[in-house]
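Hello,

Here is the structure I promised to pass on. My notes follow below it.

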Amino acid sequence: MSQRVVVITGGSRGLGAGLVASYLESGDLVATCSRSITPEVEAWLADPELAGRVLFEPADLARREDADRFVKRVVEEWGRVDVLINNAGVARDGILGMFSDDDIDTVIDLNIKGTLYVTRAVSRRMLARRSGTIVNISSVVGRSGYRGLAAYSASKAALDGMTRALARELGSRGITVNAIASGYLRTEMSHGLDEEQLQQIVRRTPSGRLGEPDDIARACQFLTDPRNTYVTGTVMVVDGGLTG
Ligand code: NAP
């Protein structure tokens, strides 16, 4: 397989860092961004074996200018984008009635608007080349909901809708668009759940555990494999059977 240019948003930690590691392992050129740099990112940038294969841009994707600048930089460096994985996301938990305007804006501005900004900038380039593949990292709560996650669940349901619409819009130009509805992962984001809630989720999960970034990365690699030209417009559930 030839070296692909892979853009993964929010790769500085958690699932995003796992996705970056997976695509570096498959030999691709990987560009990522986040607001802050982490030891993981520093280690990739300093690794001589990865020289020229990792690009990091500090960016707040809730800001349109940052999203456009990030995509522009990737194209200036590597000439194209073959794979886009919209992973950056944020959750705010609490009873909706107690939410501030800022809590609502934070979730909607990144999860929906930020994803649309990046995808708009990338899809323009993919359209011109008549090839590419996009995966949106969604969540099972976009379908099932979860108490205390109304804004977040709404944002993930929106991503699923965007996935289906874009698959129709871009399909005839050789571009596939899918989403992965992830189950609960042990990352910084799930720290909002207490140990009892996590144990309850594990008990209800046929696979008997929480998800790992690798579980999602494997599904992502399948959807973005260049041989996949027929799976598009789908929301693939990867949740250990929790919501099946
Ligand atoms: P995480 O550990 O909180 O990581 C989020 C990543 O996004 C970080 O790299 C973060 O870096 C970046 N990010 C946050 N705000 C950003 C902004 N405004 N602009 C650019 N980058 C930003 O979360 P995670 O659990 O890995 O989640 C990754 C994705 O999986 C999200 O879309 C999430 O909704 C989805 N997901 C997670 C779970 C779960 O249980 N954890 C379940 C289902 C789906 P900075 O903060 O430095 O910007």
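Start at Thr133, which stands opposite Thr176 in strand 6. Strands here are DSSP runs of E with at least two residues, helices are runs of H or I with at least four, and both are numbered from the N terminus.

Two notes on the source. This is a predicted model: local features need pLDDT of at least 70, side-chain atom pairs count only at pLDDT 80 or more, and totals for chains, interfaces and linings use all residues. Residues are numbered from 1 along each chain as its sequence is written, and side-chain values use heavy atoms, with hydrogens and water left out.

**Strand 6**

Strand 6 covers residues 175-182. Two strands pair if DSSP finds at least two bridges between them. Strand 5 (residues 132-139) pairs with strand 6 in the parallel sense, over eight bridges. Strand 7 (residues 235-238) also pairs with strand 6 in the parallel sense, over four bridges. There, Ser182 has Val238 as its bridge partner.

Strand 6 is mostly covered, with eight of its eight residues buried (under 20% relative accessible area, 1.4 Å probe, protein chains only). Ile175, Val177, Ala179 and Ala181 point one way. Thr176, Asn178, Ile180 and Ser182 point the other way.

Asn228 sits in the loop between helix 8 (213-224) and strand 7. Asn228 is buried, at a relative accessible area of 10%. A polar atom of its side chain lies 2.9 Å from the backbone oxygen of Leu223.

**The ligand**

The ligand is surrounded by 27 residues (each with a heavy atom within 4 Å of it). The closest are Ser12, Ser36, Asn87, Tyr152 and Thr187.

- Gly10: 3.1 Å from a backbone N or O atom.
- Arg35: 2.8 Å from an N or O atom in the side chain.
- Leu185: 2.8 Å from a backbone N or O atom.

**The cavity**

The structure holds one cavity of 30 Å³ or more. A cavity is a set of points, on a 1 Å grid over the protein atoms alone, where a 1.4 Å probe fits but cannot get out; lining residues have an atom within 4 Å of a point. The largest cavity has a volume of about 40 Å³, counted as the space filled by probe spheres set on the points. Its lining includes Thr9, Leu61, Asn87 and Val118. Helix 4 (residues 101-129) gives the largest share of that lining, four residues.

Best wishes

Terms used
On a 1 Å grid over the protein atoms alone, a cavity is a set of points where a 1.4 Å probe fits but cannot get out, and a pocket is an open set with protein on both sides within 12 Å along at least five of seven lines; lining residues have an atom within 4 Å of a point. Buried means under 20% relative accessible area, exposed over 50%, partly exposed in between (1.4 Å probe, protein chains only). A polar contact is a pair of N or O atoms within 3.5 Å; within protein, one must be able to donate a hydrogen and the other to accept it, and residues adjacent in sequence count only if both atoms are side-chain atoms.
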